[in-house]
Amino acid sequence: MSDATRAEVAIVACAELFRGDGEIVASPMGLIPQFGAKLARQTFEPDLLLSDGEAFLLTPQSDTAGNDKIIEGWQPFKKMLDVIVPHGTRHVVMGASQIDRFGNQNISAIGDHSRPTRQLLGVRGAPGNTVNHRTSYWVPRHSTRVFVDTVDVVSGVGYDNAQKAGPAASKFHDVHRVVTNLGVFDFASPDHSMRIVSLHPGVTLQDVTENTAFAVDDSDVTETRTPTIEELHLIRDVLDPKCLRDREVRL
Amino acid sequence: MADKRMTLEQVVGELEDGMTIGIGGWGSRRKPMALVRAILRSDLKDLTIVSYGGPDVGLLAAAGRIRTLVFGFVTLDSLPLDPYFCRARQDGQLTVAEYDEGMFAAGLSAAAKRLPFLPIRAGLGSSVVTTNPDLKTVRSPYTDEELIAMPALRLDVALVHMNRADMHGNAQYLGPDPYFDDDFALAADRCFVSAEKVIPTDELTRGKPVQTLLLNRSAVTGVVEAPNGAHFTSCYPDYGRHEKFQRLYAESAKTADGWRNFYDRFLAGDEASYQAEVVKLREEAA
């Protein structure tokens with residue numbers, strides 16, 4: 001029996017998003033995905049390029065000796081948008097204020113776009129990311145407010161909309177997985193609707209169905225793997241000694 | 001070579017109601033805030049603002065100067081949302097053209113290259129297509145792909161903030177990211193640059209790589225020396241973001257008379273009195 005917390009399980013689930021990615025740019029947005037990408041890089045995906053979300057590609061140090069920023073590349077926003085995103089050698093993990101069963105994501109605004117009830121960030125790079133390269137999502141609080149029937153503004157493009165928009169939109173479209181505080185989800189069903197890959201230890205199917213506004217395919221559910229001893233050491237002693245992870249995911 | 005030095009007020013004197021103004025920087029980073037403050041002191045109105053938005057957008061929205069906003073996001077970075085931008089949107093005060101970040105870049109690039117549009121994959125299948133009904137697609141003459149035809153984002157004026165410039169308009173960034181300031185400059189009929197310091201040309205590259213010279217003088221109409229001119233956004237390596245000030249700005253939106261108080265304390269006077277209030281705020285904190 002592992003003594004790993006839910007946040008630690010979520011970090012490992014985020015690390016697993018990058019398994020097999022090899023030498024591409026990982027752009028994890030948000031704390032848990034950032035720890036996940038660093039964990040993947042320091043264990044099973046040593047070739048990952050890690051973006052700091054600003055102008056640098058950084059090599060994380062596997063010790064706590066203070067100097068945890070070795071710059072190995074320069075990737076200002078212009079290069080990101082002109083070259084990296086369209087070229088497609090990137091895997092982004094974005095947040096989602098709303099997400100639907102085909103993986104359409106909204107970070108722009110809640111309500112009518114012409115006069116939103118709640119203005120959020122704007123679509124940012126989500127439309128371009130989703131039609132150009134692999135995209136995953138991280139949702140720290142899985143609820144019916146986030147997992148909705150229909151998103152109000154399609155920022156990140158889901159499978160149904162990519163299909164409808166034609167070959168140029170679907171050619172490189174690849175919404176990979178959604179990791180939440182409850183489980184891991186993908187779109188590998190015949191109609192590309194959301195499917196439960198695994199539930200985190202202690203989470204029931206009912207927890208998911210009660211917190212999701214649409215029906216999710218639960219035909220092949222496993223349990224999310226717990227961190228190895230090495231991974232727990234890296235998370236607790238190297239990546240996040242201040243336990244910032246517990247502020248994002250409680251339990 | 002021309003001496004292009006101007007004051008903040010002289011730059012604003014060149015602007016007119018209803019103009020399309022591009023603002024450089026990104027989010028709450030290296031924004032030409034001294035120029036934005038000078039606009040706030042003028043009576044300019046009905047502006048179309050084109051920006052990778054930060055507090056430049058929030059301030060101009062709070063003061064009711066924006067008619068139309070062309071954007072991909074508005075954020076304060078360390079704080080996800082700008083409350084004044086959010087309020088303006090929720091009150092229905094802004095007409096918006098919301099684009100993907102890459103589409104926005106393509107629009108500036110098209111304008112800089114004097115092209116009517118550039119093809120781009122970004123936007124396909126998203127609400128960007130439905131919320132911008134004038135947006136068209138273009139079929140590749142070589143394949144069966146239909147792509148977004150991002151229209152040129154032509155600007156009347158671009159305002160950018162650099163670390164250094166000379167009096168002729170050669171301008172230099174010393175931080176890690178040029179953002180899109182060179183495209184803003186070339187997409188505009190006229191570009192005005194504020195800089196932390198205006199120095200002799202031969203000093204620009206003394207101990208600095210030549211690649212830091214982002215704008216050459218042919219793209220620049222006027223230069224303003226504006227020390228701390230990106231405050232409270234970041235301007236590395238000269239200074240980082242003034243987080244305490246940014247929080248004060250954001251929290252001012254929470255009370256009914258918050259904007260009025262913020263305006264009266266910081267914006268009612270000239271740039272010198274703004275900077276003096278900033279010094280006072282730092283002393284209070286110390």
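Biologist: By class, what does the lining of the second largest pocket consist of?
Modeller: In this predicted model, that lining has 10 nonpolar, 5 polar and 6 charged residues. There are 21 lining residues, and A:Leu81, A:Asp82, A:Pro86, B:Ala106 and B:Ile120 are the ones nearest the pocket's centre. Two or more residues each come from H3 and H4 of chain A, and from helix H5 (101-112) and strand S5 (117-120) of chain B.

Biologist: Which element gives the largest share of that lining, and how much space lies in the pocket?
Modeller: H3(A) gives the largest share, with 5 residues. The space in the second largest pocket is about 330 Å³.

Biologist: What makes A:Arg124 and B:Glu101 a salt bridge?
Modeller: Their closest N and O atoms are 2.9 Å apart. The rule asks for a side-chain nitrogen of Lys or Arg within 4 Å of a carboxyl oxygen of Asp or Glu, so the pair of A:Arg124 and B:Glu101 qualifies.

Biologist: How many salt bridges and polar contacts does the rule find across the interface of chain A and chain B?
Modeller: There are 5 salt bridges across that interface. For polar contacts, the rule finds 21 residue pairs, both partners being at pLDDT 80 or more. On the side of chain A that touches chain B, at least two residues each come from helix H3 (77-87), strand S9 (118-119), helix H4 (126-132) and helix H6 (167-170). H4(A) gives the most, with 5 residues. By class, this side of chain A has 21 nonpolar, 11 polar and 7 charged residues.

Biologist: How many residues are in contact, and how much area is buried between the two chains?
Modeller: Contact joins 39 residues of chain A to 44 residues of chain B. The buried area between them is about 3,300 Å², and carbon and sulfur atoms give 56% of this. Of the area that chain A buries against chain B, 21% is supplied by A:Lys78, A:Gln119 and A:Arg124, more than by any other three residues.

Biologist: Why is the largest cavity called a cavity, and which residues line it?
Modeller: The name applies because a 1.4 Å probe fits at its points but cannot get out. Its volume is about 50 Å³. The lining is made of B:Arg29, B:Arg30, B:Gly175, B:Pro176, B:Asp177, B:Tyr179, B:Ser234, B:Cys235 and B:Tyr236. They divide into 4 nonpolar, 2 polar and 3 charged.

Biologist: How many cavities of 30 Å³ or more does the structure hold?
Modeller: The structure holds 2.

Biologist: What makes the peptide bond from B:His231 to B:Phe232 stand out?
Modeller: This bond is cis, with omega near 10°. Most peptide bonds are trans.

Biologist: Which kind of peptide bond joins B:Tyr236 and B:Pro237?
Modeller: A cis one, omega being about 0°. B:Pro237 is in the loop between S12 and H9 of chain B, and B:Tyr236 is one of the residues lining the largest cavity.

How values were computed. Residues numbered from 1 in each chain as written. Chains lettered and ligands numbered in written order. Predicted model: local features only at pLDDT ≥ 70, side-chain atom pairs only at ≥ 80, totals over all residues. Heavy atoms only, no water. Contact = heavy atoms within 4.5 Å. Buried area = accessible area lost by both parts, 1.4 Å probe. Polar contact = N/O pair within 3.5 Å; in protein donor to acceptor, adjacent residues only side chain to side chain. Helix = DSSP H or I, 4+ residues; strand = E, 2+ residues; numbered from the N terminus. Nonpolar A, V, L, I, M, F, W, Y, C, P; charged D, E, K, R; others polar. 1 Å grid on protein atoms, 1.4 Å probe; cavity = no way out; pocket = protein on both sides within 12 Å on 5 of 7 lines; lining within 4 Å. Points joined across faces, edges and corners; volume = space filled by probe spheres on them.
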